[in-house]
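Good morning, colleagues. Thank you for the time to present one structure today; please have the sequence and the model in view.

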Amino acid sequence: MDLKLLWKQRRTGFWNGILPYLGYVIQSGVAMVFLFLVIAFSAWYTSFVQNIPAGFPIRWIALLLLAPLVLFSSYRTYLHPADIVFLRPQEYRMQEYLKNSFARGIIYKSLGMLLVFVTLWPLYVRADQDARPFGWFIILLLLWKGLASYGAWQELRMVQTGAARGYRLLRWALTILAIAAWLWQPPLRSVWFLLLLAVLYMVALRIPVKHRIAWERLIQVEQGQAGRVMRTLGWFVDVPSSGQKVSARRWLSKWGSGLPWNAGKAYRYLITKTFIRTEVFTIVLRLIVLGMLLSWWTAGSYFGVGVYLFFLLLVGVQLGALRRSHGESFWIMIYPISAESRRSQVLGFIFNLHAIAALLMWLPMWAAGMSGLSVTGIALVLGALVIYLMRRSQGNKWLKEEEDE
């Protein structure tokens with residue numbers, strides 16, 4: 001069996017199933033919106049670079065932008081549950097199959113990281129009087145990206161889940177520390193420090209017990225990756241449902257448990273638990289935190305209003321995915337809950353979460369003080385309008401789908 005060819009065939013098969021939906025994505029207008037945002041950002045960024053405020057925290061901005069990109073690692077293996085049986089006899093040769101996943105996982109993420117770095121460079125070199133050399137900065141980012149990606153790959157092989165989580169935290173801490181040292185410390189001293197960190201990390205990675213091939217974990221990760229692609233397409237067109245990772249999150253388990261036990265709140269209870277335990281929660285949480293930071297950074301400007309509304313739209317789109325949760329479940333259909341009640345409970349839950357997110361991302365805009373009061377007020381009014389229009393659009397779309405069925 002040619003394992004390299006098998007990997008390529010599975011990759012081609014997956015993307016052949018995705019391509020027919022891309023036309024609908026383009027027709028939805030997302031390409032025009034993206035182009036408009038790029039043009040607007042370019043104009044604002046050019047003006048900002050030419051008029052950088054005194055004391056601008058460029059090193060902190062660089063750390064916040066570059067560290068997540070260095071850390072971000074994901075791998076598409078295209079493995080299926082049946083492979084545990086049919087490919088396991090080839091386990092001793094599976095490195096031939098998986099090295100494509102590892103290499104492409106690093107290459108594509110590195111290209112995205114370099115794109116952000118090149119975009120950031122004009123601001124960095126003008127705002128930091130002690131800026132690091134361009135070439136050495138790129139070499140550092142690429143080398144540490146490779147090291148962090150290798151560490152993430154080893155985490156997938158670790159036998160104990162607790163060890164994998166601990167080493168994930170170690171990887172995050174070392175990466176942030178390494179980039180911070182490069183930005184704040186003298187170059188020669190930081191290079192020796194980074195070499196020491198890298199050697200210690202490589203030695204530490206040899207300690208945990210690892211599988212040769214962690215079949216179950218790799219298959220679970222692949223299902224999560226494929227599910228995210230399908231859910232993203234689901235924002236624009238109906239696609240086949242795909243499984244997603246479910247997390248217990250015991251620290252939030254009581255959320256929703258206080259709802260009355262009656263038909264009028266039954267679906268509200270279900271959708272609350274679904275939101276807590278799926279990836280939608282973590283995605284929305286990250287968007288809110290990032291939106292709050294950017295709202296604070298751009299407070300008092302009309303560009304900040306645009307950033308606020310953009311993140312509000314992103315949060316609304318993510319929350320809208322809850323509308324499709326359990327849509328194909330047989331058990332939901334036999335429960336004594338009317339379609340109207342189910343629709344109102346889900347849309348009400350999404351509306352409330354969207355309003356909370358809007359408020360949290362709007363509060364940092366008060367950093368502009370009284371001088372930016374008018375801009376802050378405009379952002380609040382437009383944010384409320386966006387929430388209302390998205391609620392109305394989701395309701396109309398749901399009714400139309402029910403009529404078509």
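This is a predicted model: local features need pLDDT of at least 70, side-chain atom pairs count only at pLDDT 80 or more; totals for chains, interfaces and linings use all residues.

The protein chain contains 15 helices and zero strands. It has 405 residues, of which 41% count as buried. If we take the contacts between residues at least 6 apart in sequence, 82% of them join residues at least 24 apart.

Let me turn to helix packing. Two packed helices are described by the angle between their axes and the distance between those axes.

The opening example is helix H3 with helix H7, which spans residues 161-184; their axes come within 10 Å and cross at roughly 140 degrees. How are H3 and H7 oriented to each other? An angle over 145 degrees would count as roughly antiparallel, and H3 and H7 are therefore oblique to each other. The crossing of this pair, H3 and H7, is right-handed. On the H3 side, the contact involves Arg59, Trp60, Ala62, Leu63, Leu66, Ala67, Val70 and Leu71. On the H7 side, these residues meet Arg171, Trp172, Thr175, Ile176, Ile179, Ala180, Leu183 and Trp184. Sorted by class, the contact of H3 with H7 comprises 13 nonpolar, one polar and two charged residues.

Next come helix H5, residues 94-127, and helix H6, residues 134-157, which pack at an angle of about 145 degrees with their axes 10 Å apart. Here too the handedness is defined: H5 and H6 make a right-handed crossing. From H5, the residues in contact include Leu98, Phe102, Ile106, Met113, Phe117 and Trp121. Among their counterparts in H6 are Phe134, Phe137, Ile138, Leu141, Tyr150 and Trp153. The class count for the contact of H5 with H6 is 15 nonpolar, two polar and two charged residues.

Helix H11, residues 279-297, and helix H12, residues 302-320, have axes that come within 10 Å and cross at roughly 175 degrees. H11 and H12 are therefore roughly antiparallel to each other. Val280, Ile283, Val284, Leu287, Ile288, Leu290, Gly291, Leu294 and Ser295 of H11 make this contact with Val307, Tyr308, Phe311, Leu314, Val315, Gln318 and Leu319 of H12. By class, the contact of H11 with H12 has 13 nonpolar, three polar and no charged residues.

I now move to the aromatic residues. A pair of aromatic rings is described by the distance of the centres and the angle of the planes. How many aromatic pairs does the structure hold? The structure holds 26 aromatic pairs.

Consider Trp44 and Trp297: their ring centres are 6.1 Å apart and their planes stand at 85 degrees, so the pair is edge-to-face. Trp44 belongs to helix H2, residues 30-50, and Trp297 to helix H11, so that the pair links distant parts of the chain, 253 residues apart. With 28% relative accessibility, Trp297 counts as partly exposed.

A second pair, Tyr75 with Phe102, is stacked, at 5.8 Å centre to centre and with 20 degrees between the planes. Tyr75 lies in the loop between helix H3 (58-71) and helix H4 (83-86), and Phe102 in helix H5, so the pair ties together parts that are 27 residues apart in sequence. Is Tyr75 buried or exposed? Tyr75 is buried, at a relative accessible area of 4%, whereas Phe102 counts as partly exposed at 23% relative accessibility.

Finally, two individual residues. Gln50 is found in helix H2 and is exposed, with a relative accessible area of 57%. Gln50 and Pro122 are 72 residues apart in sequence, and their C-alpha atoms are 9.7 Å apart in space.

Trp362, by contrast, counts as buried, at 10% relative accessibility. This residue, Trp362, lies in helix H14, residues 339-362. Which residues does Trp362 touch, not counting residues up to four places away in sequence? Trp362 touches Tyr308, Thr376, Ala379 and Leu380. The C-alpha atom of Trp362 is also separated by 8.8 Å from that of Gly291, 71 residues apart along the chain.

Thank you for your attention; I welcome discussion.

Note on methods:
Residues are numbered from 1 along each chain as its sequence is written. Side-chain values use heavy atoms; hydrogens and water are left out. Axes are lines fitted to C-alpha atoms, for helices over the stretch in contact, and angles run from 0 to 180 degrees between N-to-C directions. Helices (H or I, at least four residues) and strands (E, at least two) are DSSP runs, numbered from the N terminus. A crossing is left-handed if the near helix is turned anticlockwise from the far one by less than a right angle, and right-handed if clockwise. Contact means heavy atoms within 4.5 Å. Ala, Val, Leu, Ile, Met, Phe, Trp, Tyr, Cys and Pro count as nonpolar, Asp, Glu, Lys and Arg as charged, and the others, Gly among them, as polar. Angles under 35 degrees count as roughly parallel, over 145 as roughly antiparallel, 65 to 115 as roughly perpendicular and the rest as oblique. Rings of Phe, Tyr and Trp (its six-membered ring) pair if their centres lie within 6.5 Å; planes under 30 degrees apart count as stacked, over 60 as edge-to-face and the rest as tilted. Buried means under 20% relative accessible area, exposed over 50%, partly exposed in between (1.4 Å probe, protein chains only).
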